[in-house]
Amino acid sequence: MILRAGSSANLRLACALASFGSVSLARHNGMSDFLAELDALTADAQQAFAAAQTPDAWEAARVEFLGAKSGRLKDVQKGLGSVPKEEKPAAGKRFNEVKQLIQEASETAKARIDAAQASQKSEPVFDPTLPGRPLRVGRLHPITQTIEELKDIMGRLGFSVADGPEIEDERHNFEALNIPLDHPARDPLENFYLSAAAAATGRKDAPMLLRSQTSTVQIRVMECTPPPVRIIALGRVYRPDEVDRTHYPMFHQMEGLLVDRHVTMADLKSVLRLFASSYLGRDVHIRFRPSFFPFTEPSVECDYYWNNKWTEFGGAGMVDPNVLQAVGYDPEEVTGFAFGLGIERLCMRRHHITDIREFYRNDVRFLHQF
Ligand code: PHE
């Protein structure tokens, strides 16, 4: 087609062509640029929100993309103006879709960051590389440990373990042990008599008491076992003593009893010496002092040497014939020795403990050392 200026028809045609040309140009540039910009913006925004890990990073992304004044979405929106009229609805629709997508990316990121923050507050992050917290393991009480060790030592010397009740009658605590009614050891002020326990037996004339010595078990064993016997009995005994560094109203004893033919004082000495050197150490010094107990004849006190002085840790002796008779043994046939040692005192000497009260204060700082 030849255009000739001056012709009005041609001019109209030229204008139409020109306008057609400009339309096709705008369609090419305005719309596709706009769409390309929207796509780039969507990708950028989605990436930025996905990368945000903190509330600050999220806020920065929000301002950058959705900011009301100078956000990039706002900027791109301005490009809508260069989109030809007939393409505007499609461009607007796409713009709204993109706006929706970016808002969704923003909300998803916000929810993710909020949730992470909340879980961080309630539960510290688990770090498997940190050293573990040490567990506090419980221990046996030092007296229980001592009892186990004493059983072990005496077991090797051929003694088996016997047991008896802590609430006793007078026959086992006194009478059969040759302690007569008028003996000062039976004084109510020297013992824990139990009126309730006596009432429970239904016999007012048969008082009961917390045993004051483990010698009760000697009687209980011999009553039902024919000789020979070779036993130890370990357990609590009770006496209304005034409390001080070496006295406590409840403490533990280890009773020993050996009855057989031809048992002598030399056997007693050997066993106690062996026992002392096994438990307290080879270098321990012990000594026997003449003493008196109603149920042994002769009787001795045993002392060990500690802190430049001799300390008593128990009594011993040859079983009195009256005791053997009381349980139906024949003193002409058998003889025996017996001993009763204070377990706290042995444990104190072993561990250099100077106050018996420490055992029963229940202070874990003390108990944890054993
Ligand atoms: N039962 C005596 C006491 O408690 C100790 C002992 C036991 C003495 C056996 C001699 C024989 O003191």
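**Note on the predicted model**

1. Ser 291 sits across from Ser 299 of strand S8. This is a predicted model. The strands here are S7, residues 286-293, and S8, residues 296-306. They pair in the antiparallel sense, over seven bridges. The link from S7 to S8 is a hairpin of two residues.

2. Next, the packing. The largest nonpolar core holds 40 residues. Met 254, Phe 275, Phe 337 and Phe 339 have the most contacts inside this core. Helix H9, residues 265-280, supplies the largest share of it, with seven residues. In soluble globular proteins, nonpolar side chains tend to be buried together.

3. Met 254 deserves a look in the viewer. Setting aside neighbours within four places in sequence, Met 254 is in contact with Phe 275 and Phe 339, among others. Its other partners include Leu 150, Met 154, Thr 214, Ile 232, Ala 233 and Leu 234. Gly 340, Leu 341 and Ile 343 also touch Met 254.

4. There is a second, separate core. This one has 23 residues, among them Ala 162, Val 229, Leu 257 and Val 327.

5. Now the ligand. Which of the 14 residues around the ligand come nearest? They are Gln 213, Ser 215, Arg 239, Gln 253 and Gly 340.

6. An N or O atom in the Gln 213 side chain is 2.8 Å from a ligand nitrogen. For Arg 239, a side-chain N or O atom is 2.8 Å from a ligand oxygen. Gln 253 places a polar side-chain atom 2.9 Å from an oxygen atom of the ligand. On its own, the ligand has 320 Å² of accessible area, and the protein covers 91% of that.

Definitions and conventions:
Residues are numbered from 1 along each chain as its sequence is written. This is a predicted model: local features need pLDDT of at least 70, side-chain atom pairs count only at pLDDT 80 or more; totals for chains, interfaces and linings use all residues. Side-chain values use heavy atoms; hydrogens and water are left out. Two strands pair if DSSP finds at least two bridges between them. Helices (H or I, at least four residues) and strands (E, at least two) are DSSP runs, numbered from the N terminus. A nonpolar core is a set of buried Ala, Val, Leu, Ile, Met, Phe, Trp, Tyr and Cys residues joined through side-chain atoms within 4.5 Å. Buried means under 20% relative accessible area, exposed over 50%, partly exposed in between (1.4 Å probe, protein chains only). Contact means heavy atoms within 4.5 Å. A residue is near a molecule or strand if one of its heavy atoms lies within 4 Å of it. A polar contact is a pair of N or O atoms within 3.5 Å; within protein, one must be able to donate a hydrogen and the other to accept it, and residues adjacent in sequence count only if both atoms are side-chain atoms. Accessible areas come from the Shrake-Rupley method with a 1.4 Å probe; for residues, only the protein chains shown count as cover.
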